[in-house]
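Here is a short briefing on one protein model. Look over the sequence and the fold, then read on.

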Amino acid sequence: MPNSPSDPPRRISMRRRGPLLVDGPVEVELEDGTTVSSDRFRVALCTCHRSRRYPWCDTSHRDRA
C-alpha cells in the first residue's frame, strides 16, 4: 500500500497492557518476511504475543492483566 504525499499520516493509539490500535487499512510485515493485511477501518495489533491470531489481537492479554 504505497502512501502518496497527500495521504494523512496513519494514527496509532497505544494502550497500557493492551494492543496497538492502528487506523486501517494496513499491511504488516512479520519477522519472517511474510506480509499480512487488513482492510478494516481500525485494527488491533498484539503486543503481548499471546494472541492465537498474531499479529492481530484476540484479547488474550486480558487473561493476565
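Strand 3 and strand 4 (residues 35–38) run antiparallel and are joined by 4 bridges. Two strands count as paired if DSSP finds at least two bridges between them. Strands are DSSP runs of E with at least two residues, helices are runs of H or I with at least four, and both are numbered from the N terminus. This is a predicted model, in which local features need pLDDT of at least 70 and side-chain atom pairs count only at pLDDT 80 or more, while totals for chains, interfaces and linings use all residues. Residues are numbered from 1 along each chain as its sequence is written, and side-chain values use heavy atoms, with hydrogens and water left out.

**Overall architecture**

- The protein chain has 5 strands and 0 helices.
- From the N terminus on, the order of elements is β-β-β-β-β.
- The C-alpha trace spans about 40 × 25 × 15 Å along its principal axes.
- Of the 65 residues, 29% count as buried. Buried means under 20% relative accessible area, exposed means over 50%, and partly exposed lies in between (1.4 Å probe, protein chains only).
- The accessible surface comes to about 5,400 Å², and 46% of this surface belongs to carbon and sulfur atoms. Areas come from the Shrake-Rupley method with a 1.4 Å probe; for residues, only the protein chains shown count as cover.
- Among contacts between residues at least 6 apart in sequence, 21% join residues at least 24 apart. A contact means heavy atoms within 4.5 Å.

**Strand pairing and hairpins**

- Strand 1 and strand 2 run antiparallel, with 3 bridges between them. Ser-13 has Leu-21 in strand 2 as its bridge partner.
- These two strands form a hairpin with 5 residues between them, and Arg-17 in the turn has a positive phi of about 55 degrees.
- Strand 2 also pairs with strand 5; this antiparallel pair has 4 bridges. Leu-20 stands opposite Leu-45 in strand 5.
- The hairpin of strand 3 and strand 4 has 5 residues between the strands, and Gly-33 takes a positive phi near 95 degrees there.
- Across that pair, Val-26 stands opposite Ser-38 in strand 4.

- The largest nonpolar core has 6 residues: Val-22, Val-26, Val-28, Val-43, Leu-45 and Trp-56. Strand 3 (26–29) and strand 5 (42–45) each supply at least two residues of this core.
- A nonpolar core is a set of buried Ala, Val, Leu, Ile, Met, Phe, Trp, Tyr and Cys residues joined through side-chain atoms within 4.5 Å.
- Val-22 is in contact with Arg-11, Ile-12, Phe-41, Arg-42, Val-43 and Leu-45, leaving aside neighbours within four places in sequence.

**Ser-38**

- Ser-38 lies in strand 4. This serine is buried, with a relative accessible area of 13%.
- Not counting residues up to four places away in sequence, Ser-38 touches Pro-25, Val-26, Val-43 and Trp-56.
- The Ser-38 side chain reaches the backbone nitrogen of Arg-40 at 3.3 Å.

**Salt bridges**

- How many salt bridges does the structure hold? There are 2. A salt bridge puts a side-chain nitrogen of Lys or Arg within 4 Å of a carboxyl oxygen of Asp or Glu.
- One joins the side chains of Asp-23 and Arg-42 (3.1 Å, N to O). The pair links distant parts of the chain, with Asp-23 in strand 2 (residues 20–23) and Arg-42 in strand 5, 19 residues apart.
- Asp-23 is partly exposed at 21% relative accessibility. Arg-42 is also partly exposed, at 37%.
- Asp-58 and Arg-52 meet through their side chains in a salt bridge (3.9 Å, N to O). Arg-52 is exposed, with a relative accessible area of 72%.

**Pro-8**

- Pro-8 sits in the segment before strand 1 (12–14). This proline is exposed, with a relative accessible area of 64%.
- Pro-8 and Pro-55 are 47 residues apart in sequence and 24 Å apart in space, C-alpha to C-alpha.

Terms used
A polar contact is a pair of N or O atoms within 3.5 Å; within protein, one must be able to donate a hydrogen and the other to accept it, and residues adjacent in sequence count only if both atoms are side-chain atoms.
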